[in-house]
Amino acid sequence: MKIARMLVAASVGALALAPVVPAHAANPPCGVPLGFISAGGDTGGQITYSTKPMSARPRVVQATGLYADGAVRLAGTAVNDFYGPKGSRVSQYVIQGDSMYLGKFDLGVDNTSPTVTKVGSGWAPYTAFETTRYFGGATPRTMQYALRNDGTLWRWTMKGTVWTNRQSAPGFAAVKAIALISQTATYETFLATTRGGALYTIHIPTTATLKPVVRKVRASTWQAFDFLAANGCGRQGTLLVAIDKDTQSAYLYAIGHATGATTPIQNLGKIPKTYADPVYYHWTGIPAAIPFGE
């Protein structure tokens, strides 16, 4: 495996969190950093901006052959930890077949050897997975969410590299894709599409037993989207990329403060790119802007 050396300071910054300003603001615009894992095991990304007309940075391969061909089927949000002017370290959890792995690689001038470490097995029944990281307040937190094929939503709290406090909640068999849109010290909120086409918010307390609160945002038309990636935009807004893998296309949406059926949503149009990779994921950084879409 080889690490691409083309991502120096400017390119690394392009895949950090986008500026949090109102959609369509001229300087700077909101953006969604989106990563990919190709069929050949390469990983990389690009960022799409809500400019008029819409714009996107070129697709960049960051680590070549990090994973085996076609092995990765789900990936959580990647975190980009800047350690100085020479680069940063990227880490993320991925699912390959029945096993969970933690992949790490460097970006910048002085690259160290990438690593892919097995975390555990038993992941074959899971259909969606996400890692959330909250950097606000005195105690940062990292949590893992996974949706099993029987409709059970699972959550773990990370203590270092140890997965602890496993909890579950039933009733999510219809969910197809999720994206984090809001965080505070006491809760996290996801936006979710269903196979029937509905769009929901899933509000989940983080300081108590896993008891999600679900609210319908739209009743139909969202069934085509297999993957969602969101980024904060403005004081209480969200910029959302929604990918339809069947048509290898994606659309950009500006979503206002989530208030159920009254949530404002603006379709900004089809992104002028082809989305043919089997796995996509969201990027974040350390430190990171905290999403506040609900």
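Select Gln 183 and Glu 188 to begin: their side chains make a polar contact of 2.7 Å. Keep in mind, as you look around, that this is a predicted model. Gln 183 belongs to strand β15, which covers residues 175-183. Is Gln 183 buried or exposed? With a relative accessible area of 5%, Gln 183 is buried.

The backbone oxygen of Arg 133 sits 3.4 Å from a polar atom of the Gln 183 side chain. Now show what surrounds Gln 183. Setting aside neighbours within four places in sequence, its contacts are Thr 132, Arg 133, Tyr 134, Arg 141, Glu 188, Ile 290 and Pro 291. Ile 290 is worth a click of its own: 107 residues separate it from Gln 183 along the chain, yet their C-alpha atoms are 6.4 Å apart.

**Next stop: Thr 152**

Move to the loop between β12 (141-148) and β13 (153-159), where you will find Thr 152. Although Thr 152 lies in a loop, its relative accessibility of 11% makes it count as buried. Show the side chain of Asp 150 too, and you can trace a polar contact of 3.1 Å between it and the side chain of Thr 152. Beyond four places in sequence, Thr 152 touches Ala 146, Leu 147, Ser 168, Ala 169 and Pro 170.

**On to a sheet**

Now select β19, β20, β21 and β22. These four strands make an open sheet in that order, with antiparallel pairing. Which strands stand at the edges? They are β19 and β22 (265-270); each has a single partner strand, so one side of each is left without a neighbour in the sheet. From one strand to the next, the twist averages 20°.

Zoom in on β20, residues 238-244, where seven of seven residues are buried. Colour Thr 238, Leu 240, Ala 242 and Asp 244 to see the residues that point one way, then Leu 239, Val 241 and Ile 243 for those that point the other way. In a regular strand, side chains alternate between the two faces of the sheet.

Look at the partners of β20 in turn:

- β19 (residues 227-232) pairs with β20 in the antiparallel sense over six bridges. Ala 230 stands opposite Leu 240, and Leu 228 has Ala 242 as its bridge partner. In the hairpin these strands form, five residues lie between them, and Gly 234 takes a positive phi near 80°.
- β21 (residues 249-255) runs antiparallel to β20 and is joined to it by seven bridges. Here Leu 239 is partnered by Ala 254. Four residues lie between the strands of this hairpin, with Gln 248 in the turn at a positive phi of about 55°.

**Into the core**

Select Leu 34, Leu 239, Val 241, Ile 243 and Leu 252, which have the most contacts inside the largest nonpolar core, a group of 18 residues. At least two residues of this core come from each of β2 (31-37), β19, β20 and β21. Centre the view on Val 241: beyond four places in sequence, its contacts include Val 32, Leu 34, Phe 227, Leu 252 and Ile 271. In soluble globular proteins, nonpolar side chains tend to be buried together.

**Last stop: colour by confidence**

Finally, colour the protein by pLDDT. The mean is 88, and 89% of residues reach 70 or more. Residues 1-27 have pLDDT below 50, and this stretch has 80 contacts in the model beyond near neighbours in sequence. Where pLDDT is low, the predicted coordinates should not be read in detail.

How values were computed: Residues numbered from 1 in each chain as written. Heavy atoms only, no water. pLDDT = per-residue confidence, 0-100. Contact = heavy atoms within 4.5 Å. Buried < 20%, exposed > 50% of the residue type's maximum accessible area, 1.4 Å probe, protein only. Polar contact = N/O pair within 3.5 Å; in protein donor to acceptor, adjacent residues only side chain to side chain. Pairing = 2+ DSSP bridges. Core = buried A, V, L, I, M, F, W, Y, C linked by side-chain atoms within 4.5 Å. Axes fitted to C-alpha atoms, helices over the stretch in contact; angles between N-to-C directions.
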